[in-house]
Amino acid sequence: MFINKSSAGKNNLCGEKIARLRMEMGISQRILADKLQIAGLDIDKNAIQRIEAGKRFVTDIELKVISSVLEISADELLG
């Protein structure tokens with residue numbers, strides 16, 4: 001049976017890396033959400049918080065925009 005969780009029990013593979021990159025940029029979750037909204041992704045601070053905690057799935061569309069805003073490839077976010 002296929003399980004939709006990482007080996008660590010999280011709903012995404014990229015959340016921890018997104019959190020690390022965001023902190024390296026010195027921006028809050030709200031500012032990241034604002035940048036993502038400007039880039040066309042309808043997402044709020046609470047969604048960023050849940051993604052970073054691994055409690056929310058990330059769609060391929062979201063992954064593409066997040067990687068663009070963070071200036072990193074989607075593959076690197078998943079790696």
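Q: In this predicted model, which residues on the other side of α2 are exposed?
A: A residue counts as exposed when its relative accessible area is over 50% and as buried when that area is under 20%. On the other side of α2, the exposed residues are Arg30 and Ile38.

Q: Which residues of helix α2 are buried?
A: Helix α2 spans residues 29–38, and its buried residues are Gln29, Leu32, Ala33 and Leu36. Viewed down the axis of α2, these buried residues fall within an arc of 100°, so they line one face of the helix.

Q: What covers the buried residues of α2?
A: The cover includes three helices: α1 (15–25), α3 (45–52) and α4 (60–69).

Q: What follows α2 in the chain?
A: Gly40 follows α2, and its phi is positive, near 105°.

Q: How is the packing of two helices described?
A: Two packed helices are described by the angle between their axes and by the distance between those axes. Here, the axes of α2 and α3 come within 8 Å and cross at roughly 110°. The two helices, α2 and α3, are therefore roughly perpendicular to each other.

Q: Which residues of α2 and α3 meet?
A: From α2 come Gln29, Arg30, Leu32, Ala33 and Leu36, which meet Lys45, Ile48, Gln49 and Glu52 of α3. By class, the residues of this contact of α2 with α3 comprise four nonpolar, two polar and three charged.

Q: Is Glu52 to be read as buried or exposed?
A: Glu52 lies in helix α3. Its relative accessibility is 10%, and because the cut-off for burial is under 20%, Glu52 counts as buried.

Q: Where is Arg22 found, and is Arg22 buried or exposed?
A: Arg22 is part of helix α1. At 10% relative accessibility, Arg22 counts as buried.

Q: With which residues is Arg22 in contact, leaving aside neighbours within four places in sequence?
A: Arg22 is in contact with Ile27, Ser28, Gln29, Leu32 and Glu52. Arg22 and Leu32 are ten residues apart along the chain, and their C-alpha atoms are separated by 7.3 Å.

Conventions:
Residues are numbered from 1 along each chain as its sequence is written. This is a predicted model: local features need pLDDT of at least 70, side-chain atom pairs count only at pLDDT 80 or more; totals for chains, interfaces and linings use all residues. Side-chain values use heavy atoms; hydrogens and water are left out. Buried means under 20% relative accessible area, exposed over 50%, partly exposed in between (1.4 Å probe, protein chains only). Helices (H or I, at least four residues) and strands (E, at least two) are DSSP runs, numbered from the N terminus. The arc is that of the directions from the helix axis to the C-beta atoms. Contact means heavy atoms within 4.5 Å. Axes are lines fitted to C-alpha atoms, for helices over the stretch in contact, and angles run from 0 to 180 degrees between N-to-C directions. Angles under 35 degrees count as roughly parallel, over 145 as roughly antiparallel, 65 to 115 as roughly perpendicular and the rest as oblique. Ala, Val, Leu, Ile, Met, Phe, Trp, Tyr, Cys and Pro count as nonpolar, Asp, Glu, Lys and Arg as charged, and the others, Gly among them, as polar.
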